[in-house]
Amino acid sequence: MILSVHDLKVNYGAIPGIRKIDFDVNEGEIVALIGANGAGKSTTMRAITGLLPFQGRVVYRGRDLAPMHAERNLANGLALVPEGRGILTRMTVEENLRMGGYLRRDKAQLETEIVATYERFAILGERRSGIAGFLSGGEQQILAIARALLARPKLLLLDEPSLGLAPMMTAQIFDFISEFRKQGLTVLLAEQKSKHSLAIADRAFLFSMGEVVASGAARDLAEGSLIRNTMMALV
Amino acid sequence: MGVSIFIQQVLNGLTLGAVYTLIALAFSLVMGILGILNLAISEIFMIGAFIGFSLIMSGVPVWLALPGAMAVAAVISMVIARIGYEPLRNASHITPMLSTLGFSMILQNFATNTWGSDPMQLTLEGWLDTRFHFGLVSLSVVQIVVFAVTLGLCVLTALLIQRTDIGRGLRAVAENRDVSRILGVRPRRMILVAFALSGLLAGAAGVLVGLHYSVITPYIGVDIGLKAIAVMIVGGATNIWGALLAGPIIGILEVLTVAYGGAAMRDFIVYGMMIAILLVRPQGLLGGSSKTSGGRV
C-alpha cells in the first residue's frame with residue numbers, strides 16, 4: 001500500500017471541509033475520488049499534498065505525513081496537479097517544465113527527459129518558447145501533467161484534470177492517465193466526471209459532504225445506481 | 001563649447017542614473033516579487049556606503065571593499081526579512097512597509113551614532129583619481145567603475161532571475177505561492193533570497209555613490225533612495241527591468257535640469273515626471289504583463 005488515509009479531518013476556520021475520510025491506495029493502482037462539487041475531493045488532495053493543515057493520519061509509503069510540508073512530500077515522490085492546473089502563466093512552457101524538476105539534482109538527465117517530453121507531447125514542443133498563460137485549457141492541462149511527471153513521482157495526484165475541457169481533450173487526458181498505469185505509476189484521481197474516472201480507475205471512493213459514502217471496484221460502482229442517485233446531475 | 005558641456009552633463013547624468021538604477025532594482029526585486037515597498041533599502045544603501053568608505057579608508061582595496069559592503073548590506077537585508085517582513089506577511093500591505101520604515105530609522109540612528117552626522121570624506125588616490133580627457137569632455141575612472149559595476153550587476157541579476165533555478169523559484173513564488181510549494185520551492189527561503197539580492201544591490205550602490213561623490217553623510221539614503229523610488233515608479237513598480245530604462249532617464253534629466261534650469265528646479269522636474277507617469281501610465285514605462293513581475297506573495 002502506497003497511501004492510506006485514516007480519519008482525515010480538515011476545517012476551514014470553524015467550517016468543516018472534511019468531516020471524516022478513510023481510504024487507501026495500492027501501488028500501481030488508479031484510484032478515483034468522485035463526488036459533486038464541494039464534496040471534499042480537492043480539500044483531501046490539498047491536505048495529502050501538504051498544502052492544508054489536517055487532523056487524522058496520512059501514511060505515505062509507511063511514514064506518517066506531517067501537515068503543510070508540500071516541498072518535503074514532493075521530494076518523497078508525491079506530486080500534485082492541482083485543480084485549475086497551476087500553470088505558472090508568466091513563464092514559458094519550457095520554464096514550467098524545468099520547474100517540474102526543481103528539486104532534482106540530475107539536471108543533465110532532466111534535460112534529456114524534457115526533450116523526451118516534447119516528443120511525447122508534441123504540442124509542448126511546438127510551444128516550448130511560448131508563454132504558458134497563452135496555451136489553451138487542454139494544452140495547459142497537458143503541460144501541468146508533463147511538469148508533474150518530470151518530478152518523477154511515485155504517487156501522482158490529479159485534481160479535476162478534465163475541468164473546463166472539451167470532450168475530445170478530456171478523452172485525450174484520460175488516455176494519458178490510463179497509460180500511467182502501464183508505466184507503474186500510481187494515480188489518485190479526483191473528478192466530478194465519474195463516468196470517465198470509473199472507466200479507467202481500479203477502485204473508487206464516492207465523496208459526499210466531506211465523507212466517503214461508498215467505495216469499491218470502479219467497475220461495480222459504474223454499474224450500480226448508487227453514484228447516479230448520489231450525484232444525479234453530475235454523472 | 002555648448003555641445004561639450006551637454007555631453008559632459010549627459011555622462012554625469014548617466015553616472016547618477018546608474019546608481020539610481022541599482023537602488024531602484026533593489027526596490028523592484030522586493031516589490032516585484034513580494035509586492036511590498038521595502039523602505040529600509042535607502043538606509044541599507046547608506047550603510048553600504050559607510051562600510052565601503054570605512055574599508056577603503058582602512059586600506060582595503062576597492063575590489064574587496066565593494067563585495068565586503070555588499071555582503072554586510074545583504075545580511076542586514078536578510079535580518080529585516082526575517083524580523084520585519086516574514087512575521088507580518090499575512091497582514092495588510094501597509095504593515096510590513098511600516099515595519100521596514102522602522103528599520104530604516106534604526107539604521108540611520110545606528111549610522112549617526114557610529115560614524116557621526118558630519119560628512120565623511122574620502123580622498124581618492126592612485127588609479128581611482130585618474131581622469132581621461134576628450135577635448136572639453138572628461139571621464140573619471142570612478143565613473144567607468146560605476147558604469148561597469150552597474151552593468152555587471154544588472155547582467156548578473158538578469159541571468160539569475162531568468163536562467164537559474166533560484167530565479168525561476170523567485171518568479172514562481174511571486175506568481176503563486178501554493179503552486180511554487182507543490183513544485184518544491186520553499187517560499188520562505190525565496191523571500192530571504194529576494195531580500196539578500198536587494199541588499200547586495202543597495203550595498204553596491206552605496207559604495208559607488210561614496211566613490212563618485214567622495215563624501216557621504218548618514219542622510220544620503222533619504223534623498224537618493226527617494227529618487228530611486230521615483231525611478232522604480234517611472235520604470236514600472238512591479239517590473240524589475242523598468243529600472244534599467246528609467247535610471248538613466250531620471251539621472252540625465254536631473255543633471256540637465258541642474259545645469260540648464262538651476263538646482264532649485266531639480267526635484268520639481270524629477271518628481272513631477274514621477275507624478276505624470278502615475279497619472280498617465282500608472283504601471284510605469286515597462287510595467288504590465290512582464291514575466292518578471294508579480295503580485296504579493
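**Figure 1. Packing of helix 1 against helix 9 in chain B of a predicted model.** Helix 1 (residues 2-34) and helix 9 (residues 220-235) of chain B pack with their axes 8 Å apart and at an angle of about 65°, where axes are lines fitted to C-alpha atoms, for helices over the stretch in contact, and angles run from 0 to 180 degrees between N-to-C directions. Helices here are DSSP runs of H or I with at least four residues, and strands are runs of E with at least two, numbered from the N terminus. Helix 1 of chain B and helix 9 of chain B are therefore roughly perpendicular to each other; angles under 35 degrees count as roughly parallel, over 145 as roughly antiparallel, 65 to 115 as roughly perpendicular and the rest as oblique. Helix 1 of chain B passes helix 9 of chain B in a right-handed crossing, a crossing being left-handed if the near helix is turned anticlockwise from the far one by less than a right angle, and right-handed if clockwise. The contact includes B:Val19, B:Tyr20, B:Phe27 and B:Met31 from helix 1 of chain B, and B:Ile224, B:Lys227, B:Val231 and B:Gly235 from helix 9 of chain B, two residues being in contact if their C-beta atoms, placed from the backbone, lie within 7 Å. By class, the contact of helix 1 with helix 9 of chain B holds eleven nonpolar, four polar and one charged residues, with Ala, Val, Leu, Ile, Met, Phe, Trp, Tyr, Cys and Pro counted as nonpolar, Asp, Glu, Lys and Arg as charged, and the others, Gly among them, as polar. Residues are numbered from 1 along each chain as its sequence is written, while chains are lettered from A and ligands numbered from 1 in the order in which they are written. Because this is a predicted model, local features need pLDDT of at least 70 and side-chain atom pairs count only at pLDDT 80 or more, whereas totals for chains, interfaces and linings use all residues.

**Figure 2. Helix 3 crossing helix 8 in chain B.** The axes of helix 3 (residues 62-85) and helix 8 (residues 187-213) of chain B come within 7 Å and cross at roughly 140°, which makes helix 3 of chain B oblique to helix 8 of chain B. The crossing of helix 3 of chain B past helix 8 of chain B is right-handed, and their contact has 20 nonpolar, five polar and no charged residues. The unreviewed UniProt entry annotates residues 62-85 and 191-216 of chain B, among other spans, as "transmembrane region"; UniProt positions are given in the numbering used here, feature names are shortened, and such annotations may be inferred rather than shown by experiment. Residues 62-85 of chain B are 100% helix and 0% strand, with end C-alpha atoms 32 Å apart, and residues 191-216 of chain B are 88% helix and 8% strand, with end C-alpha atoms 30 Å apart.

**Figure 3. Helix 2 alongside helix 4 in chain B.** The axes of helix 2 (residues 41-57) and helix 4 (residues 94-115) of chain B come within 8 Å and cross at roughly 20°, which makes helix 2 of chain B roughly parallel to helix 4 of chain B. Their crossing is left-handed. In the contact, B:Ser42, B:Glu43, B:Ile44, B:Met46, B:Ile47 and B:Phe50 of helix 2 of chain B meet B:Ser104, B:Leu107, B:Gln108, B:Ala111 and B:Trp115 of helix 4 of chain B, and these divide into seven nonpolar, three polar and one charged residues.

**Figure 4. The contact between chain A and chain B.** This contact takes 20 residues from chain A and 16 residues from chain B. On the side of chain B that touches chain A, helix 6 (165-175) and helix 7 (177-182) of chain B are the elements that give two or more residues, and helix 6 of chain B gives the most, with six residues. The residues on that side of chain B comprise five nonpolar, three polar and eight charged.

Figure 5. With 25 C-beta neighbours inside 10 Å, A:Arg85 counts as buried; a residue is buried if 20 or more other C-beta atoms lie within 10 Å of its own, exposed if 12 or fewer, and partly exposed in between, with C-beta atoms placed from the backbone.
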